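Me: I am new to reading structures and would like to learn feature by feature. Please take me through this one, with the general idea before each case.

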Amino acid sequence: MTLDLDAYLARIGWTGEPAPTVEVLRSLHRAHALGIPFENLDPVLGSAPSLALPDLEAKLVRGGRGGYCYEHNTLFATALRQLGFTVTLLAARVLLGAAPGDVRPRSHILLRVDVPGVATPYVADVGFGTVGALLEPIELVAGAELYDAPRHHRLVTVAHEGPLEMWELQAEKGGSWEAQYSFTPEPFEGPDFDMINWYVATSPHSPFAQAVYAQRALPDATHRSLAGLDLVETAEDGTIRERVLSGPDEVVQVLEDGFGIHVPEGAELPA
């Protein structure tokens, strides 16, 4: 089955001329990041989201929903491949929020994208639900910097004991670099992420199975984040506004009105 590209492009509000070029990759990446929210309602409601293309299309493209990293990047990879890009699935360890010495599993999906006729590959990632997420792809080159306004990223290589090169994505925060995740160039396949997705969605140790998480990057450069009952808005200049929601009813209202997420009828969200 192939993705309905016209419906997908309409969903993310992209109206350019589809072609496998760097310029199209950049603009598609930003349009997807701004057009489809990050959310984990399926795990919170007790199920692992399907990564099958028909289900992703029904949910993220036509259903007024968002998803988390496996859904976003599987959908984006499919669209890119249909447009003529070569896409390799990679897996990363999330470093953001980790204590020194913590070793987290490879639980995040990202994409290596090769553009026809271009020697340098790119890292693309439309599913990292944080204010430090990429808005545009970054060249897979040591020391590469990306000013994906209003954000600023770089890729560096770091020492480790394995045989493959270790890369680290960093985002600028308050004048210093903050590690987001690390990865090696080893290719992963869809079934690898089917398994990881199941664990992240269903394990009692996974935060995604315990509380609502939603993220939305807005065209005015505001980033909106919901974690449980904590709603945070980060403006382009770094100003932060935060408030605590009153309970599940207000969470549903904020998801609908503030994030553009259609909450399934009758959903019982945690307090």
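Predicted model: local features only at pLDDT ≥ 70, side-chain atom pairs only at ≥ 80, totals over all residues.

Me: Since β10 came up, in what order do the strands of its open sheet lie?

Reply: Strands of a sheet pair through backbone hydrogen bonds, either parallel or antiparallel. In this sheet five strands follow the order β1-β10-β11-β12-β13, with antiparallel pairing. At the edges are β1 (38–39) and β13 (240–244), each of which pairs on one side only.

Me: Which helix lies across β10 and β11?

Reply: That is helix α7 (residues 248–259), which also lies across β12 and β13. The helix runs at about 160° to β11.

Me: How many bridges pair β8 with β9?

Reply: Strand β8 (residues 166–173) and β9 pair in the antiparallel sense over seven bridges, and Trp167 stands opposite Phe183 in β9. Two residues lie between the strands of this hairpin, where Gly174 takes a positive phi near 60°. On β2, β9 (residues 176–183) pairs in the antiparallel sense over three bridges, with Arg93 opposite Ser182.

Me: You mentioned phi. Which residue has a positive phi although it is not a glycine?

Reply: The background is that most residues other than glycine have a negative phi, and most peptide bonds are trans. Ala221 has a positive phi of about 80°, and its place is in the loop between β10 and β11. Ala221 counts as buried because its relative accessible area is 18%, and buried means under 20%. For the peptide bond, look from Ala149 to Pro150: this one is cis, with omega near 5°. Pro150 sits in the loop between β6 (145–146) and β7 (153–158).

Me: Which residues have the most contacts inside the largest nonpolar core?

Reply: Tyr8, Leu28, Tyr70, Phe76 and Phe85 do, in a core of 44 residues. Helix α5 gives the largest share of this core, seven residues. Follow Leu28 as an example: leaving out residues up to four places away in sequence, Leu28 touches Leu9, Ile12, Trp14, Phe76, Leu80 and Leu83. A second, separate core has 17 residues, including Val94, Leu134, Ile138 and Trp167.

Me: Is Glu57 buried or exposed?

Reply: Glu57, in helix α4, counts as buried because its relative accessibility is 7%. Apart from residues up to four places away in sequence, Glu57 touches Met1, Thr2, Leu3, Asp4 and Arg62.

Conventions
Residues numbered from 1 in each chain as written. Heavy atoms only, no water. Pairing = 2+ DSSP bridges. Helix = DSSP H or I, 4+ residues; strand = E, 2+ residues; numbered from the N terminus. Contact = heavy atoms within 4.5 Å. Axes fitted to C-alpha atoms, helices over the stretch in contact; angles between N-to-C directions. Core = buried A, V, L, I, M, F, W, Y, C linked by side-chain atoms within 4.5 Å. Buried < 20%, exposed > 50% of the residue type's maximum accessible area, 1.4 Å probe, protein only.
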